[in-house]
Amino acid sequence: MEGATFGPCNCDWGCPCNFDAPPTFGHCDGVYVWAVREGTFGDVSLDGLNFAWAGHSPGPIHEGNLTAVVLVDEQATPAQRDALAALWTGGRSGLPFDILNAVTSTLLDTIYARFEIELAGIDTRARIGGGEIFEVVQSRVKNPVTGEEEELYLDKPTGFTSTRSELGMAEVARFVTEGLVLEGMSGKYAEYAEFAYAGP
């Protein structure tokens with residue numbers, strides 16, 4: 001599977017999780033969106049499919065006990081919906097899905113909704129459910145003295161969602177659905193990356 005992944009969280013720029021440090025405010029609220037260019041799960045094509053994961057962690061993510069939900073583009077076929085259900089819950093799909101599944105204690109029912117995505121590197125923006133469920137507008141971090149954009153990257157060969165990310169901020173980020181409301185993400189961290197997953 002290859003494509004782009006992006007999203008915000010409630011932590012300071014850089015995201016402590018990237019450095020195996022505790023969340024900035026003790027808990028973590030965050031969203032990952034995947035825009036698949038090419039990919040398969042088993043014999044099911046995932047080309048052009050969009051899906052997302054949103055979660056709340058009461059402490060560091062690696063300690064578990066997350067409440068999370070998977071969101072899938074409503075245009076997904078029944079076969080693609082079944083494939084993504086297996087991808088997220090099978091426990092044998094490889095990174096990053098197996099890790100996110102392993103730390104989740106409460107997985108809410110999958111939401112099928114309209115995805116609107118404008119991929120533009122760190123300036124990517126997206127809406128799910130017409131913006132009623134999720135909206136994010138990303139950008140580069142602004143220098144506090146000059147106001148100029150700062151171009152920042154993280155190379156992490158052991159990263160489980162990607163190995164190279166562009167680091168930025170979420171000018172706007174909100175997520176609301178039954179059972180999960182993520183707050184405090186606007187003005188905080190966001191990232192964009194190209195991904196390539198090969199399964200287990």
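A salt bridge is a side-chain nitrogen of Lys or Arg within 4 Å of a carboxyl oxygen of Asp or Glu. By this criterion, the structure, a predicted model, holds 10 salt bridges. Side chains of opposite charge can pair when their charged atoms come close. Selected pairs are described below.

**D12 and K188**
- The side chains of D12 and K188 form a salt bridge, with an N to O distance of 3.7 Å.
- D12 lies in the loop between strand 1 (2-8) and strand 2 (28-38), and K188 in the loop between strand 16 (180-182) and strand 17 (189-196), so this pair ties together parts that are 176 residues apart in sequence.
- D12 is partly exposed, at 36% relative accessibility, and K188 is also partly exposed, at 22%.

**E194 and R37**
- In the salt bridge between E194 and R37, the closest N and O atoms are 2.3 Å apart.
- Because E194 lies in strand 17 and R37 in strand 2, the pair ties together parts that are 157 residues apart in sequence.
- E194 counts as partly exposed at 41% relative accessibility, as does R37 at 46%.

- R140 and E166 form a salt bridge whose closest N and O atoms are 2.8 Å apart.
- R140 lies in the loop between strand 11 (134-139) and strand 12 (141-142), whereas E166 lies in strand 15 (residues 164-177), so the pair ties together parts that are 26 residues apart in sequence.
- E166 has 9% relative accessibility and therefore counts as buried, the cut-off being under 20%.
- A network of salt bridges links R140, E149, E151 and E166.

Note on methods: Residues numbered from 1 in each chain as written. Predicted model: local features only at pLDDT ≥ 70, side-chain atom pairs only at ≥ 80, totals over all residues. Heavy atoms only, no water. Helix = DSSP H or I, 4+ residues; strand = E, 2+ residues; numbered from the N terminus. Buried < 20%, exposed > 50% of the residue type's maximum accessible area, 1.4 Å probe, protein only.
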